[in-house]
Amino acid sequence: MIIPTIKGIIDRRILINYQIDKGVLEKYLPSPFKPKLINGKGIAGICLIRLKEIRPKGLPKQIGVSSENGAHRIAVEWEENGVTKEGVYIPRRDTSSRVNALGGGTFFPGIHHYAQFKVLEENGNYDVSFKSDDSTTLSISASETEEWNKESVFEDLNCVSEFFEKGSIGYSPNKKSFEGLELKAYTWDVSLLKVHQVQSSFFENKTIFPEGSVVFDNALLMKNIEHEWIGLGKKSH
């Protein structure tokens, strides 16, 4: 089934980014994906995104729907027809929308878990958490800042912004394949967040990520971005 191009607004997007040992990611990632490295480190993290006015392209925004969503992502590279491609592998998606959860793998790429989200945003402060239908949990408390983390593997905000702008293609696992989706943002503008607290049962799973293999790197914020999601079809396991 061909997934239609979806249009809408990214009302708010938080990216929490970690440095992760190369060897750990190489063991975890399925073929054909390999970790994309920055100064010898793999990059993975969490995307917390609120979407609004989401509808098939060409239809009026009045029929669009809104939802809170979470995605656990790993920056990857792969070979395609002799060319090295880059993007993100998304092993897990969570959503506040029962429509998205039911349509995941059919109308939307990848399996979506239904989750209960709690969101508090006030005066540049962001508290976002969710608990999914299989008890996966995540929470973050952060505030807007201009202070760069000097322990980051990236040189500065411009470098990390460019890194994620290039990684606009995402592949999510389905039962027998990986389903692709490309984010086409009409504008690209990111700012910094200072993280006060972050918890992710996914990245705290020691059977996948041994003690000390996951280190916080940086956090980014995007707001009010008009965009499209473009279906890319399936890639075999």
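**Notebook: a predicted protein chain**

I began with Cys-47, which is buried with a relative accessible area of 5%. The model I am reading is predicted, and each entry below records what I looked up in it.

**Entry 1. Cysteines**

I next looked up Cys-159, which is partly exposed at a relative accessible area of 30%.

**Entry 2. The chain as a whole**

I noted three helices and 13 strands in the protein chain. The radius of gyration is 17 Å, close to the 18 Å that the globule rule gives for 237 residues, so the chain is as compact as a globular protein of that length. I recorded the span of the C-alpha trace along its principal axes as about 45 × 45 × 35 Å.

Of the 237 residues, 50% are buried. The accessible surface comes to about 11900 Å², and carbon and sulfur atoms account for 49% of it. I also looked up contacts between residues at least 6 apart in sequence: 70% of these join residues at least 24 apart.

**Entry 3. The nonpolar cores**

Which residues touch the most other members of the largest nonpolar core? I found Ile-14, Ile-16, Ile-20, Leu-48, Ile-140 and Phe-203, in a core of 33 residues. Strand β1, residues 6-20, gives the most to this core, with four residues. A second, separate core has 27 residues, among them Ile-10, Cys-47, Leu-51 and Leu-220.

Leaving aside residues up to four places away in sequence, Ile-20 touches Leu-25, Lys-41, Gly-42, Ala-44, Phe-203, Phe-209, Ser-213 and Val-214.

**Entry 4. Arg-13**

I located Arg-13 in strand β1. Is Arg-13 buried or exposed? Its relative accessibility is 6%, so Arg-13 counts as buried, the cut-off being under 20%.

Not counting residues up to four places away in sequence, Arg-13 touches Cys-47, Leu-48, Ile-49, Arg-73, Leu-183, Trp-188, Leu-220, Leu-221 and Met-222. I also looked up Arg-13 and Ile-230, which are 217 residues apart along the chain; their C-alpha atoms are separated by 18 Å.

**Entry 5. Aromatic rings**

A search of the whole structure gave me 15 aromatic pairs. One of them joins Tyr-28 and Phe-209, with 6.1 Å centre to centre and 45 degrees between the planes, and it is tilted. Tyr-28 lies in helix α1 (residues 22-28) and Phe-209 in the loop between β12 (191-200) and β13 (214-236), so this pair ties together parts that are 181 residues apart in sequence.

I compared the cover of the two rings' residues. Tyr-28 is partly exposed at 26% relative accessibility, whereas Phe-209 is buried with a relative accessible area of 1%.

I then turned to Phe-163 and Phe-164. Their ring centres are 5.1 Å apart and their planes stand at 85 degrees, so this pair is edge-to-face. Both Phe-163 and Phe-164 are buried. Lastly, I noted one aromatic cluster formed by Tyr-18, Tyr-28, Phe-202, Phe-203 and Phe-209.

I found Ser-141 in strand β9, residues 137-145. Ser-141 counts as buried at 17% relative accessibility, because the cut-off is under 20%. Not counting residues up to four places away in sequence, Ser-141 touches Tyr-126, Asp-127, Lys-194, Val-195, His-196 and Gln-197.

Gln-62 lies in the loop between β4 (41-56) and β5 (65-80). At 65% relative accessibility, Gln-62 counts as exposed.

**Entry 6. Backbone geometry**

Most residues other than glycine have a negative phi, and most peptide bonds are trans.

The peptide bond from Ser-31 to Pro-32 is cis, with omega near 15 degrees. I placed Pro-32 in the loop between α1 and β2 (34-35).

Asn-123 has a positive phi, near 55 degrees. Asn-123 belongs to the loop between β7 (112-122) and β8 (125-132), and it is exposed at 72% relative accessibility.

Where does Asn-224 lie? I found Asn-224 in strand β13, with a positive phi of about 55 degrees although it is not a glycine. Asn-224 is exposed, with a relative accessible area of 56%.

Methods: Residues numbered from 1 in each chain as written. Predicted model: local features only at pLDDT ≥ 70, side-chain atom pairs only at ≥ 80, totals over all residues. Heavy atoms only, no water. Core = buried A, V, L, I, M, F, W, Y, C linked by side-chain atoms within 4.5 Å. Buried < 20%, exposed > 50% of the residue type's maximum accessible area, 1.4 Å probe, protein only. Helix = DSSP H or I, 4+ residues; strand = E, 2+ residues; numbered from the N terminus. Contact = heavy atoms within 4.5 Å. Phe/Tyr/Trp six-rings, centres within 6.5 Å; stacked < 30°, edge-to-face > 60°. Rg over C-alpha atoms; globule rule 2.2 N^0.38 Å. Areas by Shrake-Rupley, 256 points an atom, 1.4 Å probe, with all protein chains shown as cover.
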